[in-house]
Amino acid sequence: MTFLFALLSVVPVRMPEGLTVTPSLSLMAVYYWTLYRPDLMPPALIFLIGLVQDVVSGAYLGMTPLLLLGTYSFAVSQRRLFLGKPFALAWGGFLLVLLGTTSMSWIIVSLITRTPVPLLQPALQFGTTLLLFPLVVWLFVRTHRRLLPGQ
């Protein structure tokens, strides 16, 4: 499922004014599954998924695996804080992860290109990703309950 979301993460969504945005669906998947089923999200798989996403999207090779593994590290280290708590707390945790990954990707790309990247695109990606998170988590929860009952 995370692999599929990584592929969908490179499909641009049309916005008004002719803008396009690609929500970070793979980031949502890694965050969710690491919190609630870390046994299904080993770091080697996360690295491979990120690498495939970089190749398919044409991103700088290694950037997505770095960001996804950072998300994994955060989720594993804070897992006890989020388990059994209201959804708003997990969403707040995702907000922190998304803020960190968006900032890191902006910094990395700006350093590689030696020029500050305009903030509009990262801001749109941040906003759409954050707003889509509850819908995507709803899908993950339903999948989790259906495919892995009793977990």
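By class, the lining of the largest pocket splits into 16 nonpolar, 13 polar and one charged residues; here Ala, Val, Leu, Ile, Met, Phe, Trp, Tyr, Cys and Pro count as nonpolar, Asp, Glu, Lys and Arg as charged, and the others, Gly among them, as polar. The model is a predicted one, where local features need pLDDT of at least 70, side-chain atom pairs need 80 or more, and totals for linings use all residues. Numbering runs from 1 along each chain, and side-chain values use heavy atoms, without hydrogens or water.

That pocket has a volume of about 770 Å³. Thr22, Ala59, Met63, Ser105 and Gln125 sit closest to its centre, out of 30 lining residues. A pocket here is an open set of points on a 1 Å grid where a 1.4 Å probe fits, with protein on both sides within 12 Å along at least five of seven lines, and lining residues have an atom within 4 Å of a point. The largest share of this lining, six residues, comes from α5 (helices are DSSP runs of H or I, at least four residues, numbered from the N terminus).

The second largest pocket comes in at about 190 Å³. Its 13 lining residues include Tyr32, Tyr36, Phe87, Val137 and Val141, which lie nearest the centre. This time α2 gives the most, with four residues.

Now follow α6. Its 28 residues (120-147) should span 40 Å at 1.5 Å a residue, and the end C-alpha atoms are 39 Å apart, which agrees; the expected span is 1.5 Å times one less than the residue count.

Methods
Helices (H or I, at least four residues) and strands (E, at least two) are DSSP runs, numbered from the N terminus. Grid points are joined across faces, edges and corners, and a volume is the space filled by probe spheres set on the points.
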